[in-house]
Amino acid sequence: MPCRATARPTSSVVTVSTDDGEAGCDGNVLARIARRETGLLLFGMTPPRRSSTSEDRQRIADVTLERLMELDLDGLVLYDIAEEADRNAHERPFPYLPTIDPADFHADHLAAWTKPVIIYRCVGKYASTDIETWLLDQDPANVGTVFVGASSRSAPVLTDLSSAQALWSKVRPELPLGGVAIPERHTARRQEHQRLIAKQTKGCSFFITQVVYDINAAKNLVSDYHYGCIEAGMDPVPIVFTLSVCGSIKTLEFLRWLGVDVPRWMENALAHAGDTLSESYDQCLATSHELATFCERLDMPYGFNVESVSNRKAEIETSVRLAAQLRPSRP
């Protein structure tokens with residue numbers, strides 16, 4: 001019988017089952033994405049700073065993998081960071097510190113990681129020839145990618161998103177391609193679901209959201225996307241919701257700077273909590289439970305990506321603890 005993962009929310013834990021109850025199905029997350037399965041669990045991280053030494057980068061990789069090895073993750077997400085100074089006229093809460101290319105970090109320092117990796121590419125940073133070379137060098141069975149466009153229409157780019165998607169379709173269509181979903185943009189314009197459907201017709205087989213703090217915005221996007229697919233005669237692809245703990249009010253300000261909408265009630269809860277990090281952890285668990293329940297009701301394939309971009313040990317360890325709570329049970 002075919003393998004089908006089904007999320008059954010119990011408290012905040014996502015569980016996975018199969019039709020035949022046996023473990024003989026291909027558990028590779030990229031294969032599961034292709035089958036439009038649900039219950040995916042990813043962990044997202046930012047590569048080390050460009051100013052770091054090779055030894056420091058390897059140490060960071062080793063420590064990170066040691067933390068992640070016991071989580072039974074489906075895959076690792078590596079972010080590609082751009083300055084995005086044109087995103088917001090306000091001063092950036094944290095200074096922009098360039099990081100190494102996530103593809104280089106994967107190739108040079110993550111040999112011990114044996115599961116698939118999804119590598120973000122801010123395509124505007126790269127010439128089309130560089131994107132083509134990278135695509136051709138990847139193993140589609142172990143590497144997927146998410147193409148990210150410019151943060152604004154006025155931003156100078158070497159390759160725009162449409163051109164990068166066309167290049168992928170021409171030279172490496174078997175490499176799993178994902179797209180970014182932004183619930184806040186849907187709240188403002190109510191057109192984000194149409195953008196997802198358009199990206200899907202161009203080859204996207206999954207979407208990863210921006211960090212979710214406004215759960216209603218995420219539910220509205222999922223609902224409109226789900227029914228939009230029905231109207232278009234398409235099957236929806238998995239939407240992976242990004243969750244990220246917040247350890248300080250300054251981190252909260254940075255999330256806002258990035259365009260994440262933090263509802264006033266949640267901002268109050270975090271600001272007045274005796275332990276902001278613990279309160280954030282609890283809110284992330286509650287969000288995961290509500291989104292899982294909502295997606296199950298729609299029979300919508302989904303997953304979670306626990307994002308860890310802080311260099312503070314307490315926030316990293318809390319992110320790992322959150323991922324452990326969302327870990328799928330295996331048959």
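This is a predicted model: local features need pLDDT of at least 70, side-chain atom pairs count only at pLDDT 80 or more; totals for chains, interfaces and linings use all residues.

**Starting from one loop**

Author: Let's start with Pro98, which sits in the loop between E2 and H3. Residues are numbered from 1 along each chain as its sequence is written, and side-chain values use heavy atoms, with hydrogens and water left out.

Reader: Is Pro98 buried or exposed, or something in between?

Author: The general idea is relative accessible area: buried is under 20%, exposed is over 50%, and partly exposed is in between (1.4 Å probe, protein chains only). Pro98 has a relative accessible area of 28%, so it is partly exposed.

Reader: Which residues is Pro98 in contact with, leaving aside its neighbours within four places in sequence?

Author: Contact means heavy atoms within 4.5 Å. With those neighbours left aside, Pro98 touches Arg49 and Arg50. Pro98 and Arg50 are 48 residues apart in sequence, yet their C-alpha atoms are 5.6 Å apart in space. Across the protein, take the contacts between residues at least 6 apart in sequence: 81% of them join residues at least 24 apart.

Reader: Let's zoom out. How many helices and strands does the protein have?

Author: There are 12 helices and eight strands. The protein has 331 residues, and 52% of them count as buried.

Reader: How do I read a helix, then? Which residues of H4 are buried?

Author: Here's the general idea: an α-helix has 3.6 residues a turn, so residues three or four places apart point the same way. In H4 (residues 128-137), the buried ones are Ile131, Trp134 and Leu135. Looking down the axis of H4, they fall within an arc of 100°, so they line one face of the helix. That arc is the one spanned by the directions from the helix axis to the C-beta atoms. The buried residues of H4 pack against helix H3 (102-109), strand E3 (117-122), strand E4 (143-148) and helix H5 (161-171).

Reader: And which residues of H5 are buried?

Author: Ala164, Gln165, Leu167, Trp168 and Val171 are the buried residues of H5. They fall within an arc of 160° when seen down the axis of H5, so they too line one face of the helix. Their cover includes H4, E4, strand E5 (177-181) and helix H7 (192-201).

Reader: What caps the N-terminal end of H5?

Author: For this one, look for a polar contact: a pair of N or O atoms within 3.5 Å, where, within protein, one must be able to donate a hydrogen and the other to accept it, and residues adjacent in sequence count only if both atoms are side-chain atoms. Asp160 does the capping, with a side-chain oxygen 3.3 Å from the backbone nitrogen of Ser162.

Reader: Now a strand. Which way do the residues of E3 point?

Author: Val117, Ile119 and Arg121 point one way, while Ile118, Tyr120 and Cys122 point the other way. Six of the six residues of E3 are buried.

Reader: What does E3 pair with, and in which sense?

Author: Two strands pair if DSSP finds at least two bridges between them. Strand E2 (residues 75-78) and E3 are parallel, with three bridges, and Leu78 stands opposite Ile119. E3 and E4 also run parallel, joined by six bridges, and here Ile119 stands opposite Thr145.

Reader: What about the largest nonpolar core: how many residues does it have?

Author: A nonpolar core is a set of buried Ala, Val, Leu, Ile, Met, Phe, Trp, Tyr and Cys residues joined through side-chain atoms within 4.5 Å. The largest here has 65 residues, and those with the most contacts inside it are Leu76, Tyr225, Phe241, Phe304 and Leu322. Helix H11 (residues 276-298) gives the largest share of this core, nine residues. Apart from that core lies another, of 17 residues, including Val29, Leu30, Tyr79 and Val148.

Conventions. Helices (H or I, at least four residues) and strands (E, at least two) are DSSP runs, numbered from the N terminus.
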